[in-house]
Amino acid sequence: MIIRSKAPLRLGLAGGGTDVSPYCDLFGGCVLNATIDLYAYCTIEVLDDGNLTFVAADLNEEFTTVPLPELELDGRLSLHKGVYNRIVKQFRQDEPLSFRMTTYSDAPAGSGLGSSSTMAVAMLKAYVEWLNLPLGEYEIAQLAYDIERIDVGWGGGKQDQYAATFGGFNFIEFYENNRVIVNPLRIKNWIISELESSMILYYTGASRESAKIIDEQVRNTRSNKQSTLKATHTLKAEAYAIKECILKGEINKFAEHLGKSWSAKKKMATSITNERIDFIYDTAMNAGALAGKVSGAGGGGFMMFIVDPVKRIQVVHRLNELGGKVFQFHFTKSGTQGWRV
């Protein structure tokens, strides 16, 4: 038996950082994101070899063991092991499983597109399909969050798991006690087409800073650092403004608010930007971009820019001269999917 799944990566359009505890617990957070046609993939092969094997094909890592009720999270494929541990403990009464799992992603780790959280969702969806687990969208997203943030101990916010699970354009609200409300947005087709024509997705290189940035953001919030709190409040307000711009198809206004969001985000932690990111941003703006930002925590990964479509090619040419890579993409309407072969 073969089970496959995939989950879409997301672009964080507004509000990123307000979904991180303790800010969202204290003040409530909100983000606007949209999934794109870059995916995390998972395949489970049910074999008779008596082994449990995880293969991260894109990372060139493999782990094999006899089936156990719990695997040690030792830094080698810890996310894969963390998902397995939770499935066996919560749904199998500690009865181990024997299979071979292969995963890979269209985007590298540290990309700022929520790749690790999206992979957790894809793996969970494969288990749901295989074992007929009674989990809906909210349950899958929350379980993926619990595994990644609590069991495995990787820092970060809450938006990525919900974006990957639900798919499409969503305005997501975050409150205390892990209360999350996903509001799907009905974006007209012409607005989606205009956004795709007006956006450039540029890979600067993997971020090594995201955990450090999030840790600093958490410390600043807990210590009531006013500059960080003020910046995060601004990000939340801009998320509401950007949602309205996108619903109405006001792309120039969207760019205006995106610029304000990026200015506020840079004040949340010291490593969100650096000389290279600033140079890329300035280069794009000088070539005709209207606004831009880093997607994700910052420090590297993907940047997105808003451009007048008639100036798109000249901005792309300038960015391609900087050693990174422009990715072509389209927005998607579906969230995670699983199927049997």
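Colleague: How many positive and negative side chains does the protein chain have?
Modeller: There are 37 positive and 38 negative side chains, and the centres of the two sets lie 6 Å apart. Lys and Arg count as positive, Asp and Glu as negative, with His and the chain ends not counted. Each charge is placed at NZ of Lys, CZ of Arg, CG of Asp or CD of Glu.

Colleague: What sort of model is this?
Modeller: The model is predicted: local features need pLDDT of at least 70, side-chain atom pairs count only at pLDDT 80 or more, and totals for chains, interfaces and linings use all residues. Residues are numbered from 1 along each chain as its sequence is written, and side-chain values use heavy atoms, leaving out hydrogens and water.

Colleague: Now Ser117. Which helix is that in?
Modeller: Ser117 is part of helix α3, residues 115–131. Helices are DSSP runs of H or I with at least four residues, numbered from the N terminus.

Colleague: Is Ser117 buried or exposed?
Modeller: Buried, with a relative accessible area of 1%. Buried means under 20% relative accessible area, using a 1.4 Å probe and protein chains only.

Colleague: What does Ser117 touch?
Modeller: Leaving aside residues up to four places away in sequence, Ser117 touches Glu148, Arg149, Asp160 and Gln161. Touching is a contact, that is, heavy atoms within 4.5 Å.

Colleague: Which side chain makes a polar contact with the Ser117 side chain?
Modeller: That of Gln161, at 3.3 Å. A polar contact is a pair of N or O atoms within 3.5 Å; within protein, one must be able to donate a hydrogen and the other to accept it, and residues adjacent in sequence count only if both atoms are side-chain atoms.

Colleague: Back to the whole chain. How much of it is buried?
Modeller: Of its 341 residues, 58% count as buried.

Key:
Buried < 20%, exposed > 50% of the residue type's maximum accessible area, 1.4 Å probe, protein only. Helix = DSSP H or I, 4+ residues; strand = E, 2+ residues; numbered from the N terminus.
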